[in-house]
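This report describes a protein chain for a reader who is new to structural analysis. The sequence and the structure are shown first, and the description follows.

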Amino acid sequence: MSRSRRDLLWVPVFAILVAFAVPWPLWGVDYVVAGLPVWIWWHVGWLGLCSLLFSRFVASGAWERGMGVGSGREPAVEGGDRP
């Protein structure tokens with residue numbers, strides 16, 4: 001199974017998302033913003049970024065290609081069996 005270069009670009013994107021999920025630059029920082037520690041705001045922002053990128057990943061069709069399934073646009077077949 002060959003993958004397009006565009007699909008392979010998602011690998012480093014997700015590696016970076018995983019690497020920075022832990023707020024390494026904020027270890028030992030005691031700042032509080034709006035009543036919450038700044039590392040919690042890091043997580044809130046990071047989860048928002050992850051959600052946005054994952055929605056782009058799915059919209060690009062890379063999810064279906066990676067899972068080896070169709071795009072979901074095929075008509076449903078009665079009884080679940082394909083000819």
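## Report on the predicted model

Ala34 is exposed, because its relative accessible area is 71% and a residue counts as exposed when that value is over 50%. The model in which this residue is seen is a predicted one. Ala34 lies in the loop between strand 1 and strand 2 (36-37). Although Ala34 is not a glycine, its phi is positive, at about 55°.

**Overall arrangement**

The protein chain contains four helices and two strands. Along the sequence, these elements follow the pattern α-α-β-β-α-α. Of the 83 residues in the protein chain, 13% are buried. The protein chain exposes about 6800 Å², and carbon and sulfur atoms supply 67% of that area. Among the contacts with a separation of 6 or more, 49% are between residues 24 or more positions apart.

**Helix 3 and the residue after it**

Helix 3 covers residues 38-59. Gly61 follows helix 3 and has a positive phi, near 90°.

**Aromatic rings**

A pair of aromatic rings is described by the distance of the centres and the angle of the planes. The structure holds eight aromatic pairs. In one of them, the ring centres of Trp10 and Phe57 are 5.3 Å apart and the planes stand at 80°, so the pair is edge-to-face. This pair links distant parts of the chain, since Trp10 belongs to helix 2 and Phe57 to helix 3, 47 residues apart. Trp10 is buried, with a relative accessible area of 13%, and Phe57 also counts as buried, at 12%. Ring pairs join Trp10 and Phe57 with Phe14, Phe54 and Trp63 in a cluster.

**Two leucines**

Leu26 is placed in the loop between helix 2 and strand 1. Is Leu26 buried or exposed? Leu26 is buried, because its relative accessible area is 18% and the limit for a buried residue is under 20%. When neighbours within four places in sequence are left aside, Leu26 is in contact with Val38, Trp39 and Trp42. The C-alpha atoms of Leu26 and Pro37 are separated by 10.0 Å, and these residues are 11 residues apart along the chain.

Leu36 belongs to strand 2. With a relative accessible area of 34%, Leu36 is partly exposed. Not counting residues up to four places away in sequence, Leu36 touches Tyr31 and Trp41.

Which residues make the nonpolar surface patch of about 540 Å²? The patch is made by Ile16, Phe20, Val22, Trp24 and Trp27. One of these residues, Phe20, is found in the loop between helix 2 (10-19) and strand 1 (32-33). Phe20 is partly exposed, with a relative accessible area of 38%.

**Accessibility of selected residues**

The table gathers the values for residues discussed above.

| Residue | Relative accessible area | Class |
|---|---|---|
| Phe57 | 12% | buried |
| Trp10 | 13% | buried |
| Leu26 | 18% | buried |
| Leu36 | 34% | partly exposed |
| Phe20 | 38% | partly exposed |
| Ala34 | 71% | exposed |

Terms used. Residues are numbered from 1 along each chain as its sequence is written. This is a predicted model: local features need pLDDT of at least 70, side-chain atom pairs count only at pLDDT 80 or more; totals for chains, interfaces and linings use all residues. Side-chain values use heavy atoms; hydrogens and water are left out. Patches are made of residues with over 30% relative accessible area and no salt bridge: like charges are joined within 9 Å, nonpolar side chains (Val, Leu, Ile, Met, Phe, Trp, Tyr) within 5 Å. Accessible areas come from the Shrake-Rupley method with a 1.4 Å probe; for residues, only the protein chains shown count as cover. A salt bridge is a side-chain nitrogen of Lys or Arg within 4 Å of a carboxyl oxygen of Asp or Glu. Buried means under 20% relative accessible area, exposed over 50%, partly exposed in between (1.4 Å probe, protein chains only). Rings of Phe, Tyr and Trp (its six-membered ring) pair if their centres lie within 6.5 Å; planes under 30 degrees apart count as stacked, over 60 as edge-to-face and the rest as tilted. Contact means heavy atoms within 4.5 Å.
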